[in-house]
Amino acid sequence: MEIVLALGIGVFTGTGVWLILRPRTFQVIIGLSLLSYAVNLFILAMGRLRTNAAPILPARAVGDPAQFTDPLPQALVLTAIVISFATTALFLVVLLASRGLTGTDHVDGQEPEA
Amino acid sequence: MSAFSDHLIIAPVVLPLFASAIMLMLGGDRRTFNATVNVVSTVALVVIGIALLFAADAAPTGLIGAYRLGNWPPPFAIVLVADRLASLMVLLASVLALAAVVFSLARWHRVGAFFHPLFQFLLMGINGAFLTGDLFNLFVFFEVLLAASYGLALHGSGSARVREGMHYIVINLAASLLFLIGVSLIYGVTGTLNMADLAARIPAVRSEDRGLLEAGAGILGIAFLVKTGMWPLCFWLPATYAAAPPPVASLFAILTKVGIYILLRLWLLLFGDQAGSSAHFGREWLLLGGMATVIFGAIGSLASQSLARMAAYSVLVSSGTLLAAIGMGRIGVTGGALYYLVSSTLGLAALFLLIELVERSREPGADVLAVTRELYGEEYELDDTTESGIAIPATMGILGLAFMGCALILAGLPPLSGFIGKFALLATALNAEDGAVPVAAWVFLVVLILSGLAVLIAMTRAGINAFWASPDRTVPRVRLIETAPVIALILLCAAQTVEAGPVMRFMNAAAQSLHAPSDYIRGVLGAGAEAPNSQRGGQ
């Protein structure tokens, strides 16, 4: 499982970094989304990988921490997802505004001279 | 600790939140209502800032206390912590905000929607970042302030602003992802996100985990250095600041200082003398990067053709000076750096406001500075017919004097506070305890003096161009509520000079507690929590 997750994070990060270095705004936004997926998986991995373990203690019971997975990274990932979703949406609006104002989807607002 | 001052700690976060909620729900398009709420809330923030400042200074440890949200026992859940430095920064941000909002009432708040709610959200994020004692909460407040700053940087629209705003958003989104990677690495190694708890646990981190911890801290540091504008992470800054609307650019002067504040706080807390083999981790980077930033900013301001760009490069000079001073890692230098931070931030904010007033009278294409016109864009129409400004001849005199004041503050010449700030920095940097002055201090001296000269030349040239050498200029129509904030900011710098003794004592006390964070750690975690708790450390 570790190797699958590590490869997943690596592929997401690699493609994301490549895409945000591209000159078209749409490529940049997809790159940022892929990077944020990679980061979200990474945060989960930092809470140590467990299978078949719940992050929540049963009601009115004293649980043994060894039986449960770390709930904090899951809470962090939730927050990170919401925030990156919102900021990506905001960026999408700016991207469209830039397209409308400059007539091109180049990140500099003008086509490079050939 | 009285119950009142206890709740005062969270007021700088809650008040702007409520103010902007009220504006969004009740205000709608009513500008007068929104403007009133904004001004009232900002004035209240200034008062709260002053109260916090005095409360922190009166407290024996310089720490008002830790505000536990949800009242969980430490180190669980989120805490807000107010000490001398945090309350000073809250007050500084509120003062800049008050100047910017009063300035914007003359015309700028009319060029786009939602200026006032976004302004309050920005303040909420800034104050939260200053007060929080938790790394992930810091990320959330950073995102709040960034989201609001995206909106404000685009306020007034225009293709130049949208283009620069887009770059600004991408850079900051990427930096936020680095922030998350850094935070989660640190959590993975230490098992905590509470800053005080981290400081207590880091000495006990096993040596084989140190590499991972330092990698996390380094990645986290890059996220802050992007915000601070350290060379070579700063190329977005001049264009964005020059394209932002002037009241917003003036408030953005504090945004780079948010990065400086976090570096000061976290670096001295986590990697101070007590951090074992990780002590002073990354110090050379701060020193060298800071000096490179100063040089880059100085050359940039010499090369700038427009006033706004020149001011933006001065932001870099100020950031670089502070980074290098932090990198010195000595109590006296940190005290001087705090004094310099306040004075240069006030000076920069005044300059950004002033530039718009000076530029207003220029005919498009009148001279080389016409570049600025293009940057500001002519897409929106400001209804000048309703302006009630009077074109009195004294206007240019007042603007000229204010410009001179800004130049003196930023170049660091007497009699204003910039001189005392730089003097305090250099005097303490060259005053080594063991007699041998480190090479870094000499280089710092040369860089600082030369950058002062460069800024002075750039400002003088710009001033001559703006005030003496434009034959076809008309006297700008400037209203009192536009000049008053500029003059007030400069007068604050003057007051900082007159009261240099008490101010310096406060700054040194703040620096003292930053360099000896045991009071901070004990204040947050409660008494008896000083022993490193390393059950999860290095798991």
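I numbered residues from 1 along each chain as its sequence is written, and lettered chains from A and numbered ligands from 1 in the order in which they are written. For the predicted model I required pLDDT of at least 70 for local features and counted side-chain atom pairs only at pLDDT 80 or more, while totals for chains, interfaces and linings use all residues.

**Confidence**

I recorded ipTM 0.92 and pTM 0.88 for the model. The mean pLDDT (the predictor's confidence in each residue, from 0 to 100) of chain B is 83, and 88% of its residues reach 70 or more. Two stretches of chain B stay under 50: residues 363-390, with 43 contacts beyond four places in sequence, and residues 528-539, with 23 such contacts.

**Secondary structure**

I found 21 helices and 2 strands in chain B. Helices (H or I, at least four residues) and strands (E, at least two) are DSSP runs, numbered from the N terminus.

I checked the length of helix 13 of chain B, residues 307-328. The expected span is 1.5 Å times one less than the number of residues; for these 22 residues it comes to 32 Å, and the end C-alpha atoms are 32 Å apart, which agrees. Helix 13 of chain B is mostly covered, with 22 of its 22 residues buried. Just after this helix, Gly329(B) takes a positive phi of about 65 degrees.

**The strand pair and its loop**

Strand 1 and strand 2 of chain B pair in the antiparallel sense over 5 bridges; pairing requires that DSSP finds at least two bridges. Ala66(B) has Val81(B), in strand 2 of chain B, as its bridge partner. Strand 1 of chain B is largely enclosed by the rest of the structure, because 5 of its 6 residues are buried.

I next examined the loop between strand 1 (63-68) and strand 2 (79-83), where Asn71(B) lies. Phi of Asn71(B) is near 55 degrees, and this residue is exposed, with 7 other C-beta atoms within 10 Å. Ala77(B) lies in the loop between these strands as well; its phi is near 60 degrees, and it is partly exposed, with 14 other C-beta atoms within 10 Å. I logged both values because most residues other than glycine have a negative phi, and most peptide bonds are trans.

**Cis peptide bonds**

A cis bond joins Trp231(B) and Pro232(B), with omega about 0 degrees. Pro232(B) lies in the loop between helix 9 (207-228) and helix 10 (237-243) of chain B. The bond from Pro414(B) to Pro415(B) is also cis, with omega near 10 degrees; I located Pro415(B) in the loop between helix 16 (394-411) and helix 17 (417-429) of chain B.

Key
A residue is buried if 20 or more other C-beta atoms lie within 10 Å of its own, exposed if 12 or fewer, and partly exposed in between; C-beta atoms are placed from the backbone. Two residues are in contact if their C-beta atoms, placed from the backbone, lie within 7 Å.
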